[in-house]
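Please keep the sequence and the structure in view while reading.

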Amino acid sequence: MADITTDVMIIGTGPAGSSAAALLASYGINILIINRYRWLANTPRAHITNQRTMEVLRDLGREVEDEAYMYASAQDLMGENVFCESLAGEELGRMKSWGKSPQSRAEHQLSSPCHM
Ligand SMILES: Cc1cc2nc3c(=O)[nH]c(=O)nc-3n(C[C@H](O)[C@H](O)[C@H](O)COP(=O)(O)OP(=O)(O)OC[C@H]3O[C@@H](n4cnc5c(N)ncnc54)[C@H](O)[C@@H]3O)c2cc1C
């Protein structure tokens, strides 16, 4: 077995481990990050990237923040949760979500003055 020397070893490449590794690396710290699995999901898993996360991405560099925006969906395209019998089945109802209702949208905008 090879000897490995590193300043920091991070177990887990989820958001916590990955961001910790990226932030430490941005200070020139030697990192080893490992994960239980050898693959990354190739389909989306999340709906919302919150403001604190965007601040962390901005700390990593403007290009990192820009890349996040590049892959983001506009809020207007994902503002409702639909309840239906199946993907092609009868729609039972829908509700405004993810900050789409007028009151919630106002709260989000008031919390994000730079994006008003
Ligand atoms: C269906 C769903 C939807 C979600 N939607 C959102 C959303 O829209 N917005 C949002 O902000 N959050 C969302 N979340 C929550 C978000 O996914 C979690 O808060 C986030 O993934 C937690 O990050 P983490 O790094 O702490 O842990 P994890 O993402 O769980 O990462 C831990 C990593 O460690 C690895 N690991 C564990 N044990 C070991 C071991 N012994 N050795 C090596 N590797 C190991 C795991 O394989 C995993 O990759 C959602 C969660 C789910 C399940």
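## Contacts between domain 2 and domain 3

In this predicted model, the count of salt bridges between domain 2 and domain 3 is zero. Polar contact across the interface of these two domains is found for one residue pair, with both residues at pLDDT 80 or more. On the side of domain 2 that touches domain 3, the residues divide into two nonpolar, two polar and one charged.

Five residues of domain 2 are in contact with six residues of domain 3, and the area buried between the two domains is about 430 Å², of which carbon and sulfur atoms give 58%. Within domain 2, the residues that lose the most area to domain 3 are His47, Ile48 and Gln51, which together account for 76% of what that side buries.

## Domain layout

The domain assignment of the protein gives three parts, namely domain 1 (7–40), domain 2 (44–72) and domain 3 (75–116). Taken over C-alpha atoms, the centres of domain 2 and domain 3 are separated by 20 Å.

## Surroundings of the ligand

## Polar atoms facing the ligand

Two of the distances described here involve the protein backbone: a backbone N or O atom of Ala16 lies 2.8 Å from an oxygen atom of the ligand, while a polar backbone atom of Pro15 is 3.2 Å from a ligand oxygen atom. For Asn35 the side chain is involved, with an N or O atom placed 2.9 Å from an oxygen atom of the ligand. On its own the ligand has 1,000 Å² of accessible area, and the protein covers 42% of that area.

How values were computed:
Residues are numbered from 1 along each chain as its sequence is written. This is a predicted model: local features need pLDDT of at least 70, side-chain atom pairs count only at pLDDT 80 or more; totals for chains, interfaces and linings use all residues. Side-chain values use heavy atoms; hydrogens and water are left out. Domain bounds come from an automatic or database domain assignment. Contact means heavy atoms within 4.5 Å. Buried area is the accessible area (1.4 Å probe) that two parts lose on being put together, summed over both. A salt bridge is a side-chain nitrogen of Lys or Arg within 4 Å of a carboxyl oxygen of Asp or Glu. A polar contact is a pair of N or O atoms within 3.5 Å; within protein, one must be able to donate a hydrogen and the other to accept it, and residues adjacent in sequence count only if both atoms are side-chain atoms. Ala, Val, Leu, Ile, Met, Phe, Trp, Tyr, Cys and Pro count as nonpolar, Asp, Glu, Lys and Arg as charged, and the others, Gly among them, as polar. Accessible areas come from the Shrake-Rupley method with a 1.4 Å probe; for residues, only the protein chains shown count as cover.
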